[in-house]
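Walk through this model with the sequence and coordinates open.

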2 protein chains.
Amino acid sequence: MRTNLNIGLFGFGVVGGGLYEVLNRSKLLNATIKSIVVKDPLKKRSIDSSHFSFDKRTILEDDEINVVVELINDSEAAYEIVTEALKRGKHVVTANKKLIAEHLDELIKLSRENNVSLLYEASVAGSIPILRNLEEYYNNDTLSSVQGIVNGTSNYILTQSNKGIAYQDAVKQAQALGFAEADPTLDVEGFDSKFKLILLIKHAFGISTTPEEVFNFGITKLRERDVRFALEKGLRIKLLARAEKIGDQVVGFVAPHFVSPDQPAYGVNNEFNAVSVNALFSDRQVFYGKGAGSYPTASAVLSDISALQFDYHYEYRKSGNDSLSFTDEFKVKIYASSSNENSLKTIPFVESDEFYRSADFSYTTGWVSFHELRQHLKSSPSDLSIIIVEEPLKGIDTNLDRIEENKTTFASV
Amino acid sequence: MRTNLNIGLFGFGVVGGGLYEVLNRSKLLNATIKSIVVKDPLKKRSIDSSHFSFDKRTILEDDEINVVVELINDSEAAYEIVTEALKRGKHVVTANKKLIAEHLDELIKLSRENNVSLLYEASVAGSIPILRNLEEYYNNDTLSSVQGIVNGTSNYILTQSNKGIAYQDAVKQAQALGFAEADPTLDVEGFDSKFKLILLIKHAFGISTTPEEVFNFGITKLRERDVRFALEKGLRIKLLARAEKIGDQVVGFVAPHFVSPDQPAYGVNNEFNAVSVNALFSDRQVFYGKGAGSYPTASAVLSDISALQFDYHYEYRKSGNDSLSFTDEFKVKIYASSSNENSLKTIPFVESDEFYRSADFSYTTGWVSFHELRQHLKSSPSDLSIIIVEEPLKGIDTNLDRIEENKTTFASV
């Protein structure tokens, strides 16, 4: 039995306009957009202004509307709309990762109390159905890690950087192509990736985390020296969002990484996204596709709407598992570079590995506690680049002496 | 509510043994293997012989067993086991693509009549959850094509060929590594890929096809000249299983293809599999992973078992859609080569494009009706290689004059 869907759409930007077209062009049964609410009455849009209303109550107070699709930019306003819609017994489909990441538990609770669905596949990696796969297919306890490139803007910029184009030029290119906003901070500093990571952690491991708990640092401090270092070693620099089980703890962070050609992220370039799932027995699965843009995001929204026809809702089967907890206490191997050698000396290494100095800059590699690194980066000098080295993360209690015995396997960056 | 699962396992080969280990090592709740039935009492196995029975009735007649996991090689025997299990009200999980492809409608009917699930994710592309995604996520009508490398053996052999290793040597290597059987016909002639394609067509487009309807040709007739041709053009030869919508018809076939670096299949090497899904608005999604082997296949079986705990069954929502039909009447661009120029002259081209002759061999490219090509290949000379050129398929009624106007876009192989 298919449920009849009357949609109230908030927002008619790139994604909202795409959805409108998608819904009109696909023969999806029993789903019609009844009302569209936008903010600015004067803005020129692709369809006639008679289609729009400007008061959110037009949708929220319409009892015939049973699905709210929220596609506006303002996450505060989105919070008001989404909570109100859930309370009024309407299903909600949204692409707003910030909204969900910041209010995850509250929104899940509200949707359960009101017996409606809250779906947000479009909020993580656009058209890649990663949440649905974590929720439905990897629904047992064998997942060991989820990681990926989940921000198209920073990936586009890094792809240019990896070719030797200067950071500021790459940003301008991305802006000219519409891949980056005027202020790209959320993307290039890893905040956008972090919001998505929080959703991945919830659906992969059943754990709720907050934007404060999960640490991110981005690509703005990378310099040409770092790109050159990577190229010489046959590596590329990629901004990865990572979540992994270490024993009975889960760690998660967003940071630039050196990636070698045998890693799936190596070949993921420009605005593309990819998410890699490691499970105990299935080895590595990679999901690759367009992470952003009008149609890819609209198509993810469409799949959620389509699922509502069959009364689909996330079950959060892995939640409530008290045996796992989130921590930032683990060891990670890093590369750090600076034009000022002294900037490197203050890094709280638990074990140093390489050190290099030239007239222009110095670099060093070694193991740090992630928690201490995080504290250190709060007040670190501006000319300090940190990049994660491709080495397995270690539990905080792992004896590095023991690691040292296998040094041949990890000494090379 | 999780259903309690008592499993009866048929077969303890590579996958069965892997599943046994997976189930023991994962903490999957409420699922236990109650009985294991194998054929050969004398074969040495990794666990004690006391675990095994040799009569299928041990499982089939045990009312406490509610799930049959069928992992034997013999598809005739598997048919007996699976039909009997379904009739007795037991859920069935199987990795046997041949069994399902040959008896698809009958098995679906049986599972519905007896109100039990028949799941077979492991039968297509090992650990890649492609059926589940087609079934659940791409459950609307916007899919335009599904194609992929779904046979690890032939892909391993082609990967070696593309490096310049002779076909027979590549086969021997694959056999030595356990990737190919003593008689690799099913893999290298594309039959195994075809069985999988039949399942993809069912879940992507809702259409039932038979192994007789879907045409396959493989890689045994490829020669060094063809590999050299590909390398010179910067292409690779890959065995692709393809299903596409052309208007309101669906076409499907397995054949070697020239693949350019911007196609996802280009970078899928050795024993890996990848399936690419094109939908009207989501652009291209690629699912990449290990297509075969003990653990990857076992993990797909495990995910199906895990889904049974939540009473999952395929809904075949796209089936019963009478507006789509299967056909082999469409046009495709091919490359054909032979040491004997006359072999090329008999090919029923509807439009020729290039022709090349040297002392050693000749080749030609052009458009053919797939239906006529299929008839032609039934009695074609042994020294004739056919490879599909990377061009959009055309409906049989498409006017090739119209195509010719855009010749610059498709003339180059």
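Strand β1 (residues 5–10) of chain A runs parallel to strand β2 (residues 31–37) of chain A, and six bridges join them. Helices (H or I, at least four residues) and strands (E, at least two) are DSSP runs, numbered from the N terminus. Two strands pair if DSSP finds at least two bridges between them. One bridge can be picked out by residue: G8(A) has S35(A) as its partner in β2(A). Strands of a sheet pair through backbone hydrogen bonds, either parallel or antiparallel.

This is a predicted model, in which local features need pLDDT of at least 70 and side-chain atom pairs count only at pLDDT 80 or more, while totals for chains, interfaces and linings use all residues. Residues are numbered from 1 along each chain as its sequence is written, and chains are lettered from A and ligands numbered from 1 in the order in which they are written.

Now widen the view to the whole sheet. Six strands of chain A form an open sheet, ordered β3-β2-β1-β4-β5-β6, with parallel pairing. Its edges are β3 (52–53) and β6 (118–119) of chain A; each has a single partner strand, so one side of each is left without a neighbour in the sheet. Helix α12(A) lies across β1, β2, β4 (67–70), β5 (91–94) and β6 of chain A. It runs at about 165° to β5(A). Such angles run from 0 to 180 degrees between N-to-C directions, with axes fitted as lines to C-alpha atoms, for helices over the stretch in contact.

Turn to chain B. Here an open sheet of six strands has the order β3-β2-β1-β4-β5-β6, with parallel pairing. The edge strands are β3 (52–53) and β6 (118–119) of chain B, each pairing on one side only. Strand β2 (residues 31–37) of chain B runs parallel to β3(B), joined by two bridges. I36(B) has F52(B) as its bridge partner in β3(B).

Where do the chains touch? In chain A, 36 residues are in contact with 36 residues of chain B; contact means that two C-beta atoms, placed from the backbone, lie within 7 Å. On the chain A side, α1 (14–25), α6 (130–137), β12 (283–290) and α12 (294–308) each supply at least two residues. The largest share, eight residues, comes from β12(A). By class, the chain A side has 15 nonpolar, 13 polar and eight charged residues. Ala, Val, Leu, Ile, Met, Phe, Trp, Tyr, Cys and Pro count as nonpolar, Asp, Glu, Lys and Arg as charged, and the others, Gly among them, as polar.

Strand pairing crosses between the chains as well. Three bridges join β12(A) to strand β12 (residues 283–290) of chain B, and the two run antiparallel. F287(A) stands opposite F287(B) in β12(B). For the complex, the predictor gives an ipTM of 0.84 and a pTM of 0.88.

The largest nonpolar core has 246 residues. Such a core is a set of buried Ala, Val, Leu, Ile, Met, Phe, Trp, Tyr and Cys residues joined through C-beta atoms within 7 Å. A residue is buried if 20 or more other C-beta atoms lie within 10 Å of its own, exposed if 12 or fewer, and partly exposed in between. V69(A), V301(A), V69(B) and V301(B) have the most contacts inside the core. Beyond its neighbours within four places in sequence, V301(B) is in contact with V15(B), L19(B), V69(B), V93(B), A95(B) and A122(B).

Strand β16 (residues 362–369) of chain B is largely enclosed by the rest of the structure, because seven of its eight residues are buried. Strand β14 (residues 330–338) of chain B pairs with β16(B) in the antiparallel sense over eight bridges. Strand β15 (residues 349–357) of chain B also runs antiparallel to β16(B), through six bridges. A hairpin of four residues joins β15(B) to β16(B).

Two backbone details remain in chain A. N115(A) is not a glycine, yet has a positive phi of about 55°. It sits in the loop between α5 (104–113) and β6 of chain A. D311(A), also not a glycine, has a positive phi of about 55°. Its loop lies between α12 and β13 (325–326) of chain A.

Finally, check confidence. Chain A averages a pLDDT (the predictor's confidence in each residue, from 0 to 100) of 90, and 94% of the residues score at least 70. Over residues 402–413 of chain A, pLDDT stays under 50.
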